[in-house]
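Please look over the model shown here.

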Amino acid sequence: MNFVMKAAMGGGPPDVGKMLGGEEKEEDPDAAKKEEERQEALRQQEEERKAKYAKMEAERESMRQGIRDKYGLKKREEAEAEAAAAAEETAAGSLTRPKKAVPAGCGDEEEEESIMDTVMKYLPGPLQDMLKK
């Protein structure tokens with residue numbers, strides 16, 4: 001009850017008058033105009049900020065490009081694209097993993113014959129005669 005008395009006497013928080021059914025403040029006729037101006041100022045500040053950061057990023061990119069040119073480097077996206085293309089090229093006809101090269105000595109009969117000829121050259125004469133039969 002003391003709270004109600006303070007509100008009636010003019011003390012207490014300013015919202016108490018509204019809670020008790022007192023008069024409500026009328027809206028400021030220029031409030032809409034002020035809000036619109038505030039929103040426009042915010043938009044303008046945001047555009048200026050974006051322009052500033054775009055300019056900074058352009059300067060950084062030109063510096064990066066100068067370094068790439070100086071040291072013969074490629075852009076990260078280009079290097080990744082080339083690596084991906086190379087990986088696709090090696091696995092072109094394969095469904096699982098890339099095929100490995102066939103080791104020497106495993107494969108064509110011609111290769112096996114040439115290996116036998118090489119071994120025969122280093123064997124003594126009687127062993128060569130036995131292996132040829």
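This is a predicted model: local features need pLDDT of at least 70, side-chain atom pairs count only at pLDDT 80 or more; totals for chains, interfaces and linings use all residues.

The chain has six helices and zero strands. Of its 133 residues, 3% count as buried. The accessible surface is about 12800 Å², and carbon and sulfur atoms account for 55% of that area.

Helix α3 covers residues 31–71. Its 41 residues should span 60 Å at 1.5 Å a residue, and the end C-alpha atoms are 60 Å apart, so the two values agree. G72 follows α3 and has a positive phi, near 70°.

Y71 lies in helix α3. Its relative accessible area is 56%, over the 50% cut-off, so Y71 counts as exposed. Together with M63, I67 and L73, Y71 makes a nonpolar surface patch of about 470 Å².

Side chains of opposite charge can pair when their charged atoms come close. The whole structure holds nine salt bridges. Among them are these:

| Salt bridge | N to O distance |
|---|---|
| E35 and R38 | 2.8 Å |
| R43 and E40 | 2.6 Å |
| R60 and E57 | 3.6 Å |

E35 and R38 sit three residues apart in helix α3, so about one helical turn separates them. R43 and E40 are also in helix α3, three residues apart. R43 is partly exposed, at 46% relative accessible area, and E40 is partly exposed at 43%.

R60 and E57 are three residues apart in helix α3, about one helical turn. Salt bridges with shared partners join E57, R60, E61, R64, R68 and K75 into one network.

Methods
Residues are numbered from 1 along each chain as its sequence is written. Side-chain values use heavy atoms; hydrogens and water are left out. Helices (H or I, at least four residues) and strands (E, at least two) are DSSP runs, numbered from the N terminus. Buried means under 20% relative accessible area, exposed over 50%, partly exposed in between (1.4 Å probe, protein chains only). Accessible areas come from the Shrake-Rupley method with a 1.4 Å probe; for residues, only the protein chains shown count as cover. The expected span of a helix is 1.5 Å times one less than its number of residues. Patches are made of residues with over 30% relative accessible area and no salt bridge: like charges are joined within 9 Å, nonpolar side chains (Val, Leu, Ile, Met, Phe, Trp, Tyr) within 5 Å. A salt bridge is a side-chain nitrogen of Lys or Arg within 4 Å of a carboxyl oxygen of Asp or Glu.
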